[in-house]
Amino acid sequence: MPFDKTVVVPLDPDATFDLVTRPERLRRWQTVAARVDLQAGGEYRWTVVPGHSAAGTFREVVPGKRVVYTWGWEGDDELPPGASTVTVTLTPTADGTEVRLVHDGLTDEQAVRHAEGWNHYLDRLVAAAQKSDAGPDDWAAAPDPLDELSSAEATLAVVQRVLRDVTADDMSKQTACTEFTVSQLADHLVGSITALGGAAGATFDDDPGKPVEARIADLAQPALEAWRTRGLDGTVTIGTNHPPATVAAGILSIEFLVHAWDFAAAIGGDVAVSEPLAEYVLSLTHKIITPEGRKAVGFDDPVPAPHTSDAVTRLIAYTGRRPVPAA
């Protein structure tokens, strides 16, 4: 039973094609992270929401007109990667571009579940076309269940949203980390991602000339994909240290969420994070950032925060920052 739906977006076909195929555009409405080899026979992997990644192969790519790709979910025995087919056809109209999405190869039950998902994301596609960004995705806000990997994917979405608003003029601004400007903090986060991702076997191709959101996203994607492939068993090697894999993966969430707050505070922005996710990262922080270890990772002594404060405020206070509103 195929899913078949058409929406109209207020963009020309070429811009619409970019919106449905390019990682930097997909992150604005459909994915947390995306790897795309946009050619016939090329592979893709999209983390749609934390803990759920779709993958497949492009069968046909006609820029501005049509893209066909196989579709399935990692870890899903009933619909594994490549088990079904998605066809997206673009037709120019007076109001922009008609986007018709047909998803074939689904059972009736699968079609019902995917209809809910495609309706949600096609609505966000239209919103992204109208406003350049569909805004935070409620479906990605509080993964269930939460573990070190789904938390890392969810907090990556948070920091990417903050970084999307960083301009070239913002890069020299001071952050709450007294030794870092925005530019220097971005370099620090790059170092953390590559060290922690490398521990899981990821390799990287860093381009410091990219916009900061794209730079961080393009490094975080292979890091998190490598962690998904490796899993959380055993220990890893980072320099001369051999921490448990759960600790190394857990640090990613702390880095993403705490520095999301740092970037937002520096540019006068905001951090959109769900309370369950922030509580989980706070619990990781208490376990990982011990009193004897906090100086080694650049955290000052904790500052007081009322126990009634939200989890982000308590997290920021625990890392030694004074949790004034970012905006």
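## Report on a predicted model

The end C-alpha atoms of residues 13-128 lie 15 Å apart, and this span is 29% helix and 42% strand. Helices (H or I, at least four residues) and strands (E, at least two) are DSSP runs, numbered from the N terminus. For residues 13-128, UniProt lists "domain: Activator of Hsp90 ATPase homologue 1/2-like C-terminal" in an unreviewed entry. UniProt positions are given in the numbering used here, feature names are shortened, and annotations may be inferred rather than shown by experiment.

The model is predicted: local features need pLDDT of at least 70, side-chain atom pairs count only at pLDDT 80 or more, and totals for chains, interfaces and linings use all residues. Residues are numbered from 1 along each chain as its sequence is written, and side-chain values use heavy atoms, with hydrogens and water left out.

**Aromatic pairs**

The structure holds ten aromatic pairs. Rings of Phe, Tyr and Trp (its six-membered ring) pair if their centres lie within 6.5 Å; planes under 30 degrees apart count as stacked, over 60 as edge-to-face and the rest as tilted. Two of the pairs involve Phe-58.

| Pair | Centre to centre | Angle between planes | Class |
|---|---|---|---|
| Tyr-44 and Phe-58 | 5.5 Å | 50° | tilted |
| Phe-58 and Tyr-69 | 5.9 Å | 70° | edge-to-face |

Tyr-44 lies in strand β3 (residues 43-49) and Phe-58 in strand β4 (residues 52-62), so their pair ties together parts that are 14 residues apart in sequence. Tyr-69 belongs to strand β5 (residues 66-73), so the pair of Phe-58 in β4 with Tyr-69 ties together parts that are eleven residues apart in sequence. Tyr-44 and Phe-58 are both buried, and Tyr-69 is buried as well. Buried means under 20% relative accessible area, exposed over 50%, and partly exposed in between (1.4 Å probe, protein chains only). One aromatic cluster is formed by Tyr-44, Trp-46, Phe-58, Tyr-69, Trp-71, Trp-73 and Trp-118.

**Packing of α5 and α7**

Helix α5 (residues 182-198) packs with helix α7 (residues 245-267) at an angle of about 170°, with the axes 10 Å apart. That makes α5 roughly antiparallel to α7. Axes are lines fitted to C-alpha atoms, for helices over the stretch in contact, and angles run from 0 to 180 degrees between N-to-C directions. Angles under 35 degrees count as roughly parallel, over 145 as roughly antiparallel, 65 to 115 as roughly perpendicular and the rest as oblique.

The contact residues divide into twelve nonpolar, three polar and two charged. Here Ala, Val, Leu, Ile, Met, Phe, Trp, Tyr, Cys and Pro count as nonpolar, Asp, Glu, Lys and Arg as charged, and the others, Gly among them, as polar.

Gly-191 is also found in helix α5. Gly-191 is partly exposed, with a relative accessible area of 35%.

**Loop residues**

Ser-132 is found in the loop between α3 and α4. Ser-132 has a positive phi of about 80° although it is not a glycine, and at 35% relative accessibility Ser-132 counts as partly exposed. Pro-145 has its place in the loop between α3 (108-131) and α4 (148-163). The peptide bond from Asp-144 to Pro-145 is cis, with omega near 5°.

Pro-208 lies in the loop between α5 and α6 (212-230) and counts as exposed at 57% relative accessibility. C-alpha to C-alpha, Pro-208 and Asp-187 are 8.4 Å apart in space, and in sequence they are 21 residues apart.
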